[in-house]
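Here is a short note for a colleague who is opening this structure for the first time. Please read the points below with the model on screen.

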Amino acid sequence: MNLLYTIGIHIASFVLKLLALFNHKLKLGVEGRRNTFKLLKTHIKPGDKTLWFHAASLGEYEQGLPVFQALKEKYPNYKVVLSFFSPSGYEVRKNSKVADVVVYMPLDTKANAKRFLEIVNPDYTIFVKYEIWPNFLLELKKRNHKAILISAVFRENQAFFKWYGNFMTSALFAFKHIFTQNESSKTLLEGINYKNVSVSGDTRFDRVNNQLKVDNSIDFIEKFKQDNLCIVFGSTWPDDDKLYMEYLNQLDFKNLKVIIAPHNIKSSYVESLKSQIKVSCICYSELSNDKDLSDYDVFILDTIGYLSRVYSYANIVYVGGAAGTTGLHNILEPAVFGVPIIIGKNHSKFPEADALIKLGGVTSVSQQTEFSSIVNTLITDDSQRKKQGLINKNYIEKNKGAVIQILDYIRIT
């Protein structure tokens with residue numbers, strides 16, 4: 001298995017470089033990895049005390065951020081190395097204040113692992129959720145470095161729990177402790193005789209709950225919304241557009257405003273999206289002092305960095321990703337503000353969605369008619385809207401606390 005894995009990594013490296021010739025996102029990753037060791041040597045010097053935080057992408061970073069921030073504050077004399085595997089994480093958070101240096105994670109070869117750890121020499125390492133890279137983890141264990149995995153989720157069909165997965169399984173035992181999101185993941189680990197495991201829950205609950213402690217006001221959103229009811233469509237894809245667009249174009253916008261925050265903010269897609277909207281519409285990129293935002297019915301947020309705060313202005317939220325196969329986006333971000341949420345039908349891999357559907361705070365729809373019916377009810381029935389919103393808010397409150405449990409375990413000396 002070790003040999004096959006190594007061969008697979010080298011093949012993946014070749015394929016990524018080839019595909020990068022035609023794909024901008026992959027090109028960013030390939031070129032970024034070429035600079036990893038140079039960046040590390042520039043910022044990390046022999047004798048520095050260091051912490052290493054690793055997340056696959058932006059979602060995992062947001063998940064681990066409450067822990068990262070707490071450790072950065074608690075151990076200010078340590079330099080923090082933050083690594084990402086995906087460009088969607090690195091390119092957005094390459095200037096993160098939680099780290100002294102942000103890099104792309106090198107591909108998981110033995111040579112890369114040795115070189116990386118020779119430079120970084122971390123006193124403590126934290127991986128988030130799914131990130132299990134055998135060569136890096138086994139090298140950490142060989143050097144007797146402490147590493148933990150937080151907000152982990154495991155499934156029975158993963159290689160760790162199969163007869164052929166010994167090499168991958170050995171990587172799990174490099175972690176001093178694993179904090180899982182649920183009991184089923186803990187049971188799977190115990191089934192392979194991994195005992196240093198605790199159910200802490202999902203750190204995302206702590207992350208989104210912290211959003212209530214900051215200033216969420218946005219001047220241009222206030223000018224747009226005024227005192228009207230507001231529907232926010234967050235992180236939407238073309239499949240989501242098909243679900244809501246017809247309804248949107250026949251809405252009576254008296255006392256109602258709509259904000260659309262598409263996942264893809266490329267100008268070509270935004271223009272295509274805007275061309276489908278038959279009511280008055282303005283984009284963030286079109287803002288100017290001579291335009292009165294209150295005159296428009298729809299606002300397209302074709303920029304990044306605002307959505308988590310925009311949700312604080314919502315009375316109803318649709319979260320994208322589940323109408324197609326791209327994957328449901330974060331429903332906890334709007335849930336913390338106590339608003340009812342609508343999603344598409346493909347949510348089976350998202351336990352928080354399943355839980356909130358059962359509780360009644362989230363509604364899953366698969367057709368335009370279902371979508372229209374649900375939104376009409378939420379617009380006209382104030383008590384129903386508040387009832388569903390309260391379910392979501394209480395769910396966040398009940399499930400926070402993972403960060404405290406993890407921080408109680410970590411001892412860095």
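This is a predicted model: local features need pLDDT of at least 70, side-chain atom pairs count only at pLDDT 80 or more; totals for chains, interfaces and linings use all residues.

1. Aromatic pairs. How many aromatic pairs does a search of the whole structure find? The count is 29. One of them joins Tyr61 and Phe84. A pair of aromatic rings is described by the distance of the centres and the angle of the planes. For Tyr61 and Phe84 the centres are 5.6 Å apart, and the planes make an angle of 50 degrees.

2. Tyr61 belongs to helix H4 (residues 58–74). Phe84 belongs to strand E2 (residues 79–84). Are Tyr61 and Phe84 buried or exposed? Both are buried.

3. Charges over rings. Two places deserve a look. At Phe37, the charged end of Arg115 sits over the ring, 4.0 Å from the ring centre. At Phe224, the charged end of Lys257 sits over the ring, and here the distance to the centre is 5.0 Å.

4. H4 packs with helix H19 (residues 402–409). Two packed helices are described by the angle between their axes and the distance between the axes. For H4 and H19 the angle is about 45 degrees, and the axes are 10 Å apart. H4 is therefore oblique to H19. Their crossing is right-handed. On the H4 side, Pro66, Val67, Ala70 and Leu71 take part. They meet Val403, Ile406 and Leu407 of H19.

5. Positive phi. Most residues other than glycine have a negative phi, and most peptide bonds are trans. Asn144 has a positive phi, near 60 degrees. It lies in the loop between helix H7 (134–142) and strand E5 (146–152). Asn144 is exposed, because its relative accessible area is 58%. Ser235 also has a positive phi, near 50 degrees. Ser235 is in strand E8 (residues 229–236). With 14% relative accessibility, Ser235 counts as buried.

6. Ser185. Where is Ser185? Its place is in helix H9 (residues 183–191). Its relative accessibility is 0%, so Ser185 counts as buried. Beyond its neighbours within four places in sequence, Ser185 is in contact with Ala152, Val153, Phe154 and Thr180.

7. Asp252. Look at the loop between helix H12 (238–249) and strand E9 (256–262), where Asp252 is found. Asp252 counts as exposed, because its relative accessibility is 57%. Asp252 and Val279 are 27 residues apart along the chain. Their C-alpha atoms are separated by 9.9 Å.

8. Ser364. This residue lies in strand E14 (residues 362–364). Ser364 is partly exposed, with a relative accessible area of 25%. Ser364 and Gly344 are 20 residues apart in sequence, and their C-alpha atoms are 5.3 Å apart in space. Which residues does Ser364 contact, leaving aside its neighbours within four places in sequence? They are Ile343, Gly344, Lys345, His347, Ile357 and Glu370.

Methods. Residues are numbered from 1 along each chain as its sequence is written. Side-chain values use heavy atoms; hydrogens and water are left out. Rings of Phe, Tyr and Trp (its six-membered ring) pair if their centres lie within 6.5 Å; planes under 30 degrees apart count as stacked, over 60 as edge-to-face and the rest as tilted. Helices (H or I, at least four residues) and strands (E, at least two) are DSSP runs, numbered from the N terminus. Buried means under 20% relative accessible area, exposed over 50%, partly exposed in between (1.4 Å probe, protein chains only). A charge sits over a ring if NZ of Lys or CZ of Arg is within 6 Å of the ring centre and within 35 degrees of the ring normal. Axes are lines fitted to C-alpha atoms, for helices over the stretch in contact, and angles run from 0 to 180 degrees between N-to-C directions. Angles under 35 degrees count as roughly parallel, over 145 as roughly antiparallel, 65 to 115 as roughly perpendicular and the rest as oblique. A crossing is left-handed if the near helix is turned anticlockwise from the far one by less than a right angle, and right-handed if clockwise. Contact means heavy atoms within 4.5 Å.
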